[in-house]
Amino acid sequence: MNALEFFVVNSPIFAVAIPLLGAFLTPIFGMINDKLRNVFAIFIMIITTGIVFALSYDVVTNGIRTYIFGAQDLSLPVVRILFEVDAMSCFMAIISVILAVVALIYSWAFMKENTGLDKYYTLLLLMTTGMLGMELTGDMFNFFVFLEITSISSAALVAFWINRGKSVEAGFKYIVISTIGALFVLFSIALFYGQYNALNMAIIANSIQFTFLDKIALVLLIGALAMKAGIVPLHMWLPDAYSKAPSSVTLVLVAATQASLYGLLRLCFTIYGNMITLSPVSIGWLLVLFGIVTILLGVIMAIAQTDLKRLIAFAAVGEIGYMILGIGTGLVTMSPSISAAGLTALKGGIFHIMNDALDIGLMFLVAGAIFYATRETSLDRLGGLARNMKYTTAFFIIGLLAVSGLPPMNGFASKLLIYESTYQLNPILAIIAILASILLLAIFVKVLHSAFLGPALPRFNEVKEVPKSMLFAMAIIAGIIIVFGVFPDIIITNIVEPAANALVNNAGYISKILSLTGGA
Amino acid sequence: MLPFESLLKTLQTGSGFWNPLVWIVAIIVALLVVLIIRGFGKKDYKKGTSQTQAFLSGNPEYDKERMHIKGSNVYWGFSEILNWIINLLKKMHTGNVSDYVLWFVIIIAILFLSIIIPAGAI
């Protein structure tokens with residue numbers, strides 16, 4: 001085995017181990033020099049990003065990659081953990097690392113005035129470790145462990161501005177909600193283990209009978225993961241956490257929320273797979289219903305907000321609705337067999353996961369830039385900032401077009417796929433989705449007008465453009481948004497389609513593990 | 001390495017298609033037409049003269065802070081019409097974590113009733 005092969009074979013563990021190790025080394029570098037610590041954290045994340053990209057290329061080229069911790073012979077009754085990485089896992093991991101690396105670059109200037117930054121960088125790297133673990137693991141209990149790592153580090157980061165009561169309150173709410181969710185996930189895992197004597201997702205999926213206990217596990221897992229993913233009416237922690245956390249943290253929180261959504265996808269498509277059609281109530285229709293309600297509530301609540309970050313947080317809730325709508329439509333139209341319309345809906349939903357992360361992420365970074373420059377987030381007090389913050393204004397306009405799904409930005413391509421497929425399911429669903437998108441445009445035009453346009457306000461005369469590291473972080477995301485928007489076919493063909501196919505092809509996911517165990 | 005042709009490919013959406021490059025070319029052409037039409041306009045605009053002052057039906061111009069339309073005032077009429085639902089939704093968002101957990105219990109109960117009970121398992 002040459003060095004490259006060794007690297008690729010071990011890339012699943014490297015993707016998790018390197019940020020984990022980096023997290024605990026960061027305070028040591030912090031003791032030497034603050035800049036060295038920041039450079040080290042960014043370096044660790046760039047290495048992790050490279051590993052995730054190499055792993056993704058390998059998975060798309062050669063198929064599912066597994067990594068076994070413990071005895072390699074799976075027929076032996078030894079406790080072991082198994083990572084199983086398919087194109088869907090890679091898709092989610094790419095989102096996580098991109099947002100994490102951008103957040104670290106943004107943090108350089110944004111968090112500079114704060115104390116306790118050794119802890120901040122450690123927690124941010126731990127949070128990324130947790131997300132990557134959730135996305136790469138093929139083991140249910142391991143998923144729970146990484147979910148807990150993500151939740152605990154996220155809660156600490158939400159409450160990072162500990163001198164502000166509301167941040168601490170938001171962190172408290174987040175940890176309460178996360179703990180309850182995780183408890184139900186753990187209970188469901190116990191139900192699986194009690195019945196099938198297995199914790200591996202593929203082995204559970206192969207053995208699942210849709211018994212009474214399996215149905216209870218399904219209900220509990222959907223509830224817990226939907227709450228973590230911010231689906232209405234379980235979303236209420238989300239505006240609190242998103243709006244009170246530092247903007248760099250909010251960016252990674254978006255990825256953490258989506259990691260839970262990934263768990264929901266894994267549950268519906270891989271673990272329950274074909275069994276899900278046996279449910280007396282269509283799970284697909286349930287998701288469609290949740291999707292529409294999430295879109296409407298998110299958008300209507302966003303209209304009423306005057307705090308910029310809270311407004312974006314509710315818009316983020318609405319955007320989650322689009323993903324759920326696409327995925328739900330995919331589930332409905334692919335029962336009992338895979339259909340082209342269903343696959344289109346699924347591709348739209350999956351593509352929108354990435355687009356939402358970028359678009360909403362950029363909006364939060366812009367909100368952070370406004371806060372950094374003015375110490376203000378109220379839309380009633382802001383105004384005329386475009387005169388002093390030209391680049392930030394340009395990034396906001398790019399984000400505005402993308403979130404609202406206007407051509408030629410990335411949001412348009414994914415929403416087009418969702419509109420078209422939902423129209424085939426039921427035209428009213430598509431009409432609601434389009435109207436909500438128009439409302440999103442109106443909401444962000446309101447932000448553009450009240451924060452950036454209008455006369456120059458005397459109290460903001462001294463306001464300057466934000467530091468270069470923050471501009472660079474926003475430019476990275478804006479650049480990706482434009483590239484994804486202008487070349488959507490390349491992204492869908494090379495990244496989204498393999499992810500959608502991996503999700504639909506649960507037989508391939510199961511048979512990979514069974515081939516390792518010799519069909520045991 | 002991706003071949004150059006793949007950059008120009010049109011996204012097929014099942015019933016339709018989407019090619020942003022064609023759209024961008026169309027927008028550029030439209031902008032050129034707009035610029036040409038604009039070129040026929042009057043050229044006697046003078047910056048910094050009374051031409052640029054706001055006309056408020058003869059009323060004096062307020063100071064800058066008061067002239068700016070604030071976030072709460074944008075779409076005021078629209079928000080007023082939606083007030084009934086906004087107030088209803090605001091009542092849902094109590095900010096109390098106990099209520100958040102209550103919603104979780106309600107959703108679990110609904111899922112339980114819809115997925116488990118109809119199957120006749122109990």
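Guide: Start with a term. A residue is buried if 20 or more other C-beta atoms lie within 10 Å of its own, exposed if 12 or fewer, and partly exposed in between, with C-beta atoms placed from the backbone. A nonpolar core is a set of buried Ala, Val, Leu, Ile, Met, Phe, Trp, Tyr and Cys residues joined through C-beta atoms within 7 Å.

Two notes on reading. Residues are numbered from 1 along each chain as its sequence is written, while chains are lettered from A and ligands numbered from 1 in the order in which they are written. This is a predicted model, where local features need pLDDT of at least 70, side-chain atom pairs count only at pLDDT 80 or more, and totals for chains, interfaces and linings use all residues.

Now the core itself. The largest nonpolar core holds 222 residues. A:Leu99, A:Val252, A:Leu362 and A:Met474 have the most contacts inside it. Helix H4 of chain A, residues 87-110, gives the most to this core: 21 residues. Helices here are DSSP runs of H or I with at least four residues, strands are E runs of at least two, and both are numbered from the N terminus.

Setting aside neighbours within four places in sequence, A:Leu362 is in contact with A:Phe395, A:Ile398, A:Gly399, A:Met474, A:Ile477, A:Ala478 and A:Ile481. A:Met474 is on that list, and A:Met474 was also named among the residues with the most contacts in the core.

Strands come next. Strand E2 of chain A, residues 81-85, is mostly covered, with four of its five residues buried. Its partner is strand E1 of chain A, residues 65-69. Five bridges join E1(A) and E2(A), and the strands run antiparallel. Strands pair if DSSP finds at least two bridges between them. Within this pair, A:Ile68 stands opposite A:Leu82.

Now the loops of chain A. A cis peptide bond joins A:Val232 and A:Pro233, with omega about 5°. A:Pro233 lies in the loop between helix H9 (212-229) and helix H10 (237-244). The bond from A:Pro407 to A:Pro408 is cis too, with omega near 5°. A:Pro408 sits between helix H15 (390-403) and helix H16 (410-425), in the loop. A:Phe210 has a positive phi of about 60°, although it is not a glycine. Look for A:Phe210 in the loop between helix H8 (201-207) and H9 of chain A. A:Phe210 has 16 other C-beta atoms within 10 Å, so it is partly exposed.

Now cross to the other chain. Here 48 residues of chain B are in contact with 55 residues of chain A. Elements giving two or more residues to chain B's side include helix H2 (20-39), helix H5 (83-92) and helix H6 (97-116). H6(B) has the largest share, 12 residues. The residues of this side divide into 31 nonpolar, 12 polar and five charged. For that count, Ala, Val, Leu, Ile, Met, Phe, Trp, Tyr, Cys and Pro are nonpolar, Asp, Glu, Lys and Arg are charged, and the others, Gly among them, are polar.

Zoom in on one meeting point. A:Ile300 lies in helix H12 of chain A, residues 283-304. A:Ile300 counts as partly exposed because it has 19 C-beta neighbours inside 10 Å. Beyond four places in sequence, A:Ile300 is in contact with B:Leu82, B:Ile85, B:Ile86 and B:Leu89. B:Leu89 belongs to helix H5 of chain B. B:Leu89 has 18 C-beta neighbours inside 10 Å, so it is partly exposed. Leaving out residues up to four places away in sequence, B:Leu89 touches A:Leu297, A:Ile300 and A:Met301.

Step back to chain B. Chain B has six helices and two strands. Along the sequence they follow the pattern α-β-β-α-α-α-α-α. The radius of gyration of chain B is 29 Å, well over the 14 Å that the globule rule gives for 122 residues, so chain B is more spread out than a compact globule. That radius is taken over C-alpha atoms, and the rule is 2.2 Å times the number of residues to the power 0.38. The C-alpha atoms of chain B fill a box of roughly 85 × 60 × 30 Å along the principal axes. Of its 122 residues, 8% count as buried.

Key
Contact = placed C-beta atoms within 7 Å.
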